[in-house]
Amino acid sequence: MQLTKKILFVYLQKISNKSPTTIMTKEEFIHFIAKELEIEEKSIDLKSNFRNLKNWNSLNALLFISHLNEEKNILISSSDLAQSDTLDDLHLLIQQKTT
Amino acid sequence: MAILNSNGISIKGIACILPKNKEDNLNIDFIDKNNLKRIIEHTGIKYRYTIKNKQSPIKEGFYQAVKKLLSNTRWEENSIDILITITQSSGNQIPAISCQLQNEFNFSNRVLAYDINLGCSGFVYGLNSISQLLKSIDKPSCRAILCCGDYSSQLIHKEDPSVRPIFSDAVSATAIEFNRNDSSNCSFNLETFGEGKSAIYTDNDGYMRLNGIDVFNYSMQYVPNNIKQLLQSNSLKANNIKQYFFHQANKIINDSLQKKLKLNDEQVQNSIQLYGNTSTASIPITIAKAVLDDTLAEGWTVLSGFGVGFSVASALIKMETLASSITFFDL
């Protein structure tokens, strides 16, 4: 079922004129968030609680969401954030919204 | 609401009044300097203007703006047919500010005068209300004044980091004329997304709360589509428009809207760097600044206001040169 959905998604992307919004891998996500927060990639992993990360504050959270919107055309709301704890939760959320 | 169409409307003048009292965001003492620098960089707001006396009634500011507008346009006081004031800073005071202003100027008793409670979308809503009303008046030409402004600092807790560095106090008065012989059209797309009511609201303590992430999300979700629908209904494309005037929310939101609509810098007028977020006064202030800078392009123009509600309103109008002023006043 999941695979069928994915194939359909890729097909729909191919037939549309829009540039494809590809799924962000775990590695790409770690790279993305480390760059956003200006922290070392090595200092974080998917189990990290994003609220405890150095430089995570309301302004950086907004910048993270705006850049994610620019790159992947998805929106993460404040209630999405409230229901998430770890970077893994955020990555899963991004994957769900991308598909 | 469907797209609303009107015609024969032109903006003849704008008078904006800001308090003389200037605050530097770098001097906010409860946020550390590095964070302040980042806030200034990303919101685009370094200086803000706030009233000195926090109890000062906003009606005084509107009085000065209308007085200046009448002088800029050389309109006679008894030539006004409609006066609408849009503010969320009346402090629940009655009577309506528009009624008080009618009395303080020599406006006719036949003036239609009332207030509207809206924020950042208010200027466009007011422009629509006036354009629909003016064409219904049985006269070949008629005139209206639209007052828009807020003293947001009256609603801001001085240690709230999400609103203190953003908002300025400001009022504006705009002169709008209807001429039955003028065939140029204008068009409006007014929408309301009440599910976003918690993005900006006043809490039980009377202070305004703002959720920056949700304001960003609602803006991205609804504003570009609102504008696209407006243009489509008029068989125009985004790049057919000479200039765009967006509500000045913050640089993050405004830059993102510009990118989403694929607009170049020359098409978009901004004023946030100079005046901050002035709520419902931000579009008239940005237009007045363009006139004063001599960068106003005549022709098809989009005005788009969005915010507290969550309320979204865009207008498509033909812009012509107009009498403008931005004045700093001891408020």
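## Helix H6 of chain B

Just after helix H6 of chain B, Lys262(B) adopts a positive phi of about 55°. This value, like every other one in this report, belongs to a predicted model. Helix H6(B) itself spans residues 251-260, and its buried residues are Ile252(B), Ile253(B), Asn254(B), Ser256(B) and Leu257(B). As background, an α-helix has 3.6 residues a turn, so residues three or four places apart point the same way.

The cover over the buried residues of H6(B) includes elements of both chains. From chain A comes helix H3, while chain B provides helix H1 (33-43), helix H5, strand E12 (243-246) and helix H7 (272-275).

## The contact between the chains

Chain A places 12 residues in the contact and chain B places 15 residues in it. On the side of chain A that touches chain B, helix H3 (residues 58-72) of chain A gives the most, with 9 residues. Sorted by class, this side of chain A holds 6 nonpolar, 5 polar and 1 charged residues.

## A loop residue of chain A

Ser48(A) is found in the loop that links helix H2 (26-37) and helix H3 of chain A. It has 17 C-beta neighbours inside 10 Å and therefore counts as partly exposed; the buried class would require 20 or more.

Apart from neighbours within four places in sequence, Ser48(A) is in contact with Leu53(A), Thr86(A) and Leu87(A). Leu62(A) lies 14 residues from Ser48(A) along the chain, and the C-alpha atoms of these two residues are 19 Å apart.

## The overall form of chain B

Chain B contains 8 helices and 16 strands. Its radius of gyration is 19 Å, close to the 20 Å that the globule rule gives for 331 residues, so chain B is as compact as a globular protein of that length. Along the principal axes, its C-alpha atoms fill a box of roughly 60 × 45 × 40 Å.

Of the 331 residues in chain B, 52% count as buried. When contacts between residues at least 6 apart in sequence are considered, 80% of those in chain B join residues at least 24 apart.

In soluble globular proteins, nonpolar side chains tend to be buried together. Here the largest nonpolar core has 111 residues, and the members that touch the most others are Cys16(B), Phe62(B), Ala65(B), Val66(B), Ile145(B) and Cys147(B). Helix H5 (residues 212-233) of chain B supplies the largest share of this core, 9 residues.

Ala65(B) illustrates such contacts. Beyond its neighbours within four places in sequence, Ala65(B) is in contact with Ala15(B), Cys16(B), Ile17(B), Cys147(B), Val171(B), Ser172(B) and Ala173(B).

## Strands and sheets of chain B

Strand E5 (residues 82-86) and strand E6 of chain B pair in the parallel sense over 5 bridges, and Leu83(B) has Ala113(B) in E6(B) as its bridge partner. Between E5(B) and E6(B) the chain passes through helix H3 (residues 97-104) of chain B, forming a right-handed β-α-β crossover. In a regular strand the side chains alternate between the two faces of the sheet. In E6(B), which covers residues 112-116, Ala113(B) and Asp115(B) form the covered face, whereas Leu112(B), Tyr114(B) and Ile116(B) form the uncovered one.

Chain B also has an open sheet of 6 strands with mixed pairing, in the order E1-E9-E15-E14-E12-E13. Strands E1 (4-7) and E13 (268-269) stand at its edges with a single partner strand each, so one side of each lacks a neighbour in the sheet. Within chain B, E12(B) and strand E14 (residues 299-307) pair in the parallel sense over 4 bridges, and the bridge partner of Tyr244(B) in E14(B) is Val302(B).

Key
Residues are numbered from 1 along each chain as its sequence is written. Chains are lettered from A and ligands numbered from 1 in the order in which they are written. This is a predicted model: local features need pLDDT of at least 70, side-chain atom pairs count only at pLDDT 80 or more; totals for chains, interfaces and linings use all residues. A nonpolar core is a set of buried Ala, Val, Leu, Ile, Met, Phe, Trp, Tyr and Cys residues joined through C-beta atoms within 7 Å. A residue is buried if 20 or more other C-beta atoms lie within 10 Å of its own, exposed if 12 or fewer, and partly exposed in between; C-beta atoms are placed from the backbone. Helices (H or I, at least four residues) and strands (E, at least two) are DSSP runs, numbered from the N terminus. Two residues are in contact if their C-beta atoms, placed from the backbone, lie within 7 Å. Ala, Val, Leu, Ile, Met, Phe, Trp, Tyr, Cys and Pro count as nonpolar, Asp, Glu, Lys and Arg as charged, and the others, Gly among them, as polar. The radius of gyration is taken over C-alpha atoms; the globule rule is 2.2 Å times the number of residues to the power 0.38. Two strands pair if DSSP finds at least two bridges between them. A crossover is right-handed if, with the strands pointing away from the viewer, the path from the first strand over the helix to the second runs clockwise.
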